[in-house]
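These are my notebook entries on one model.

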Amino acid sequence: MSLMNITNENLQEVKARDAVIVEFSAPWCGYCRRLSPVIKQLAKEQDIFVIDYDEHSDVLKEYGVDTIPTLMVWKHGKGGRPLINPSAKSEIVAWLQEELA
């Protein structure tokens, strides 16, 4: 599994998938950098797509994302319940179990 960036080139392909985990993030975001090691650990078990706040502000608006980091599961392009600024890996794992069930 891996950690991949969402780009203009692959955005529609990512949206078309059955279920994908998306992290809304930015390089300058301190909370995002704090969460980064946990996201990298989780990406060893399942694909996680990262979308840059500055490069894709239109996508953040489309999904109602106002705060980063935010995690969301997209199912065929439809956003699920967001997880905003998670504080621990256990919180993310519990959220993922619910969202991917």
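Is H76 buried or exposed? I find H76 exposed, at 53% relative accessibility. For this label I take buried as under 20% relative accessible area, exposed as over 50% and partly exposed as in between, with a 1.4 Å probe and protein chains only.

Basis of the entries. I work from a predicted model, in which local features need pLDDT of at least 70 and side-chain atom pairs count only at pLDDT 80 or more, while totals for chains, interfaces and linings use all residues. Residues are numbered from 1 along each chain as its sequence is written, and side-chain values use heavy atoms, with hydrogens and water left out.

Entry on the backbone. I looked up H76 again and placed it in the loop between strand 4 and strand 5; helices (H or I, at least four residues) and strands (E, at least two) are DSSP runs numbered from the N terminus. H76 is not a glycine, yet its phi is positive, about 55 degrees. N85, also not a glycine, has a positive phi of about 45 degrees. I located N85 in the loop between strand 6 and helix 4, where N85 is partly exposed with a relative accessible area of 28%. I then checked omega and noted a cis peptide bond between I68 and P69, with a value of about 0 degrees. P69 belongs to the loop between helix 3 (57-62) and strand 4 (70-75). I recorded these cases because most residues other than glycine have a negative phi, and most peptide bonds are trans.

Entry on salt bridges. Side chains of opposite charge can pair when their charged atoms come close. Which residues does a network of salt bridges link? I traced R81, E98 and E99 in it. R81 and E98 meet at 2.8 Å, N to O. This pair links distant parts of the chain, 17 residues apart, with R81 in the loop between strand 5 (78-79) and strand 6 (83-84) and E98 in helix 4 (residues 89-99). R81 and E99 meet at 3.6 Å, N to O. E99 lies in helix 4 and R81 in the loop between strand 5 and strand 6, so this pair ties together parts that are 18 residues apart in sequence. I noted the accessibilities as well: R81 is partly exposed at 41%, E98 is exposed at 53%, and E99 is buried at 13%. I also logged the bridge between E13 and R17, whose closest N and O atoms are 3.6 Å apart; R17 is partly exposed at 30%.

Entry on cysteines. I searched for disulfides, that is, pairs of cysteine sulfur atoms within 2.5 Å, and the whole structure returned 0. C29 is buried at 5% relative accessibility, and C32 is buried at 4%.

Entry on the largest pocket. How many residues line the largest pocket? I recorded 15, with N5, E23, S25, V50 and D52 lying nearest its centre. Helix 2 (30-42) is among the elements that each supply at least two lining residues, and the largest share, 4 residues, comes from helix 2.

Conventions. 1 Å grid on protein atoms, 1.4 Å probe; cavity = no way out; pocket = protein on both sides within 12 Å on 5 of 7 lines; lining within 4 Å. Salt bridge = Lys/Arg side-chain N within 4 Å of Asp/Glu carboxyl O.
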